[in-house]
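Please walk through this structure with me.

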Amino acid sequence: MSMFRFKQFTVDQSGCAMKINTDGVLLAAMVTGDFPARILDVGTGTGVISLMLAQRFSSAIIDAIEIDTLAADTAGRNFERSPFAKQLTSHAVSLGDFESEGPYDLIVSNPPFFLHSLQNGDWRKRLARHTDMNFFDQLLTRSQRWLSPGGTLQIILPAALADVLGQKAEEYGLWVQAVTTIRSFVSHPPIRRVLTLGRSAESNSYEAQEFIIYERRGVYGPAYRELLKAFFLAF
């Protein structure tokens, strides 16, 4: 299905190697911030995260960057057809080549994370899904440079990789401010973590939360339904 309909906008997924997925919508719905004025979405894909953030933060200006030109074009069209067109700009550019015009209060990313496992034969899917630590080096370097005072980088990753990145971030002058651990079921091991990173290193403690997707097999739990009810037609 190339078209995905939300309550306030529709996302055309054609031309995008990576389609809308649970990680992206969870990140966009979980992001915290005190009315960020400027937001950067790194690896926007279809543009769904930027669109959800535009709905949540109606005064924010959002730059969405995407290295895949076809996907960036699709995201741009999705932005133009949405009620939030004036807030959103799609940039067909890599993170390394992007030039910020000013600081960001919020940087978000649902990045490729299949490290060292380039098994996918479709080069566009390979580009979208696979990376190595060089991407995270760039993301942390530029986040440290581009974040406004009090700004945060918020990123969703597999649990083990999130733990590594949380430690690595300190090398770049960023520290973990909050962690949300995501599980499919309450008794299952973590599958993802949402990390919030910022410049503050006032203490070694941080806010930790748990989030459960399913109440039982095939049935979304109350936390998931509540989180996404402003976006999904089914809730």
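Which residues have the most contacts inside the largest nonpolar core? They are Phe 6, Val 25 and Met 52, in a core of 37 residues. A nonpolar core is a set of buried Ala, Val, Leu, Ile, Met, Phe, Trp, Tyr and Cys residues joined through side-chain atoms within 4.5 Å. Buried means under 20% relative accessible area, exposed means over 50%, and partly exposed lies in between (1.4 Å probe, protein chains only).

A note on the source: this is a predicted model, where local features need pLDDT of at least 70, side-chain atom pairs count only at pLDDT 80 or more, and totals for chains, interfaces and linings use all residues. Residues are numbered from 1 along each chain as its sequence is written, and side-chain values use heavy atoms, with hydrogens and water left out.

Take Phe 6. Leaving aside neighbours within four places in sequence, Phe 6 is in contact (heavy atoms within 4.5 Å) with Val 11, Ile 20, Val 25 and Val 48 among others. Its partners also include Phe 231, Phe 232 and Leu 233.

Now for the charges. Side chains of opposite charge can pair when their charged atoms come close. A salt bridge is a side-chain nitrogen of Lys or Arg within 4 Å of a carboxyl oxygen of Asp or Glu. The structure holds 8 salt bridges.

One of them joins Asp 23 and Arg 192, with the closest N and O atoms 2.8 Å apart. This pair links distant parts of the chain. Asp 23 sits in helix H1 and Arg 192 in strand E9 (residues 190-198), 169 residues apart. Helices (H or I, at least four residues) and strands (E, at least two) are DSSP runs, numbered from the N terminus. Asp 23 is buried, at 11% relative accessible area.

Arg 38 pairs with Asp 63, the closest N and O atoms being 3.5 Å apart. Here strand E3 (residues 38-42) holds Arg 38 and strand E4 holds Asp 63, 25 residues apart.

Arg 183 and Glu 210 form another salt bridge, with the closest N and O atoms 2.6 Å apart. Arg 183 lies in strand E8 (residues 175-183) and Glu 210 in strand E10 (residues 207-212), so the pair ties together parts 27 residues apart in sequence. Arg 183 counts as buried, at 18%. Finally, Asp 137, Lys 168 and Glu 171 are linked in a network of salt bridges.
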